[in-house]
Amino acid sequence: MSRTTTIHITRHGQTEWNTLKKFQGHNDSPLTELGVKQAEWLGESLRNTAFDRVYSSSSPRAFRTAEIVAGGRGIPIEACDEFMEINLGIWEGMDQGEAERSYPEQFHNFWKDPEAFRVPDGETFRDVSERAIRKLLQIVAENAGQSILVVTHTVVVKLIMAYFEQRDWKDLWNLPYIHPTCLCKVEVNDDGHAIILHGDISHYREAATES
């Protein structure tokens, strides 16, 4: 009999650099007051959901979000470099306007042609997809029939969901928008998988804005 493994995937809460439209990548900035609230809203909406395992990107903004969402369950959070955001090399700490002015072709590629995106000292979208999906499939294989929470970042969420949707990368940034602490939920079994939620923000208690 096939056992269903349930994967809950979310992005970290809003950070200070998000509000400044700065690229973070492997760099980090603290959650804002709103970012903490977003994590608390998701945690409250999932309070009756049992998690067997909790995994987080090793970036502090994601790990702090995981701590809040997991709440008082007493489940250790496993930090995973594989779920870190795309390393953006020399773009890290730049705001989007500066990146667009200085690197117009690669800024276009980031949003419109991810397959072609390259910046000095950074990763490609392929690099990120391979490391994140390899880790996710390993987790699923090791935790068959269990309920899993993964806290990660925008590009990683987009690439994982594109894998499950079989979405063409040229359409990677099409809706749904990946708001802070939005929830994706995928059920996996021997027969395949089903996407239950994708970018869900029904737990929000204030209007969503892009960040």
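Glutamine 166 lies in the loop between helix 7 and strand 5. Helices (H or I, at least four residues) and strands (E, at least two) are DSSP runs, numbered from the N terminus. The model is a predicted one: local features need pLDDT of at least 70, side-chain atom pairs count only at pLDDT 80 or more, and totals for chains, interfaces and linings use all residues. Residues are numbered from 1 along each chain as its sequence is written, and side-chain values use heavy atoms, with hydrogens and water left out.

The relative accessibility of glutamine 166 is 73%, so this residue counts as exposed. The phi angle of glutamine 166 is near 60°, a positive value in a residue other than glycine. Lysine 21 also has a phi near 60°. Lysine 21 sits in the loop between helix 1 (16-19) and helix 2 (33-45). With a relative accessible area of 42%, lysine 21 is partly exposed. Most residues other than glycine have a negative phi, and most peptide bonds are trans.

A cis peptide bond occurs between leucine 175 and proline 176, with omega about 10°. Proline 176 is found in the loop between helix 7 (154-165) and strand 5.

Strand 5 pairs with two strands. Two strands pair if DSSP finds at least two bridges between them. Strand 1 (residues 5-11) pairs with strand 5 in the antiparallel sense, over 6 bridges. Histidine 8 has lysine 185 in strand 5 as its bridge partner. Strand 5 and strand 6 also run antiparallel, joined by 6 bridges. Here leucine 183 stands opposite aspartate 200 in strand 6. These two strands form a hairpin, with 2 residues between them.

Aspartate 191 is found in the loop between strand 5 (183-189) and strand 6 (192-200). Its relative accessibility is 72%, so aspartate 191 counts as exposed. In sequence, aspartate 191 and threonine 4 are 187 residues apart. In space, their C-alpha atoms are 9.6 Å apart.

Asparagine 109 lies in helix 5 (residues 104-112). At 8% relative accessibility, asparagine 109 counts as buried. Contact means heavy atoms within 4.5 Å. Leaving out residues up to four places away in sequence, asparagine 109 touches Pro114, Ala116 and Phe117.

The chain as a whole has 7 helices and 6 strands. Along the sequence, their pattern is β-α-α-β-α-β-α-α-α-β-α-β-β. The radius of gyration is 16 Å, close to the 17 Å that the globule rule gives for 211 residues, so the chain is as compact as a globular protein of that length. This radius is taken over C-alpha atoms, and the globule rule is 2.2 Å times the number of residues to the power 0.38. Along the principal axes, the C-alpha atoms fill a box of roughly 55 × 35 × 30 Å. Buried residues make up 49% of the 211 residues. Among contacts between residues at least 6 apart in sequence, 70% join residues at least 24 apart.

Terms used: Buried < 20%, exposed > 50% of the residue type's maximum accessible area, 1.4 Å probe, protein only.
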